[in-house]
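Subject: Structure for your review

Dear colleague,

Please find below the structure that I am handing over to you.

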Amino acid sequence: VECHLCSASVLKNGIKTHLTEEGKDACPNAVVPCKFAKIGCRYKCERERIENHLMAAHVAHTDLLLEDSKTKDMTISQLNDEVKDLQDSKLSMELYFRLIDPSCALIW
């Protein structure tokens, strides 16, 4: 079959791959998201032009990476605090049960 975007001849069962996957046989005219979409870049353009965007938007992408890193650092800090709280709770429970029954052995 013929690709409706670039007129390339593609096997019928390969048209989806041609339009969505990267590689030498990928459609140059298919609209693709920026590689930084997962961290907030909303830019989309034809595959053949995406490199131009990546070169032009490197400062904006760096800002997105820094913001993403800050968010992840905050999440890690919160999770570390939660782990510490759970460890403290576990220790408190162990002490409590040992006071009640010194022969009690808790299995975690």
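The mean pLDDT of the protein chain is 93, and 97% of the residues reach 70 or more. Please bear in mind that this is a predicted model. Among the elements of the chain, strand 2 (residues 44–46) has the highest mean pLDDT, at 98, whereas helix 1 has the lowest, at 93.

His-18 is found in helix 1, which covers residues 15–20. Is His-18 buried or exposed? Its relative accessible area is 6%, and His-18 is therefore buried, because the cut-off for buried is under 20%. The side chain of His-18 reaches the backbone oxygen of Asp-25 at 2.6 Å. If neighbours within four places in sequence are left aside, the residues in contact with His-18 are Cys-3, Cys-6, Ala-8, Val-10, Asp-25, Ala-26, Cys-27 and Arg-47.

Which residues are in contact with His-53, once neighbours within four places in sequence are left aside? They are Cys-34, Cys-41, Tyr-43 and His-61. With His-61 there is a polar contact as well: the two side chains are joined at 3.3 Å.

Next, please turn to helix 3, which spans residues 58–100 and holds Ser-69. With a relative accessibility of 35%, Ser-69 counts as partly exposed, because this value falls between the limits of 20% for buried and 50% for exposed. Ser-69 and Ile-39 are 30 residues apart along the chain, and their C-alpha atoms are separated by 9.8 Å.

Finally, there is the matter of aromatic rings. How many aromatic pairs does a search of the whole structure find? The search finds 1. The pair is formed by Tyr-96 and Phe-97, whose ring centres are 5.5 Å apart. Their planes stand at 75 degrees, so the pair is edge-to-face, the cut-off for that arrangement being over 60 degrees. Phe-97 is partly exposed, with a relative accessibility of 32%.

Yours sincerely,
A colleague

Key. Residues numbered from 1 in each chain as written. Predicted model: local features only at pLDDT ≥ 70, side-chain atom pairs only at ≥ 80, totals over all residues. Heavy atoms only, no water. Helix = DSSP H or I, 4+ residues; strand = E, 2+ residues; numbered from the N terminus. Buried < 20%, exposed > 50% of the residue type's maximum accessible area, 1.4 Å probe, protein only. Polar contact = N/O pair within 3.5 Å; in protein donor to acceptor, adjacent residues only side chain to side chain. Contact = heavy atoms within 4.5 Å. Phe/Tyr/Trp six-rings, centres within 6.5 Å; stacked < 30°, edge-to-face > 60°. pLDDT = per-residue confidence, 0-100.
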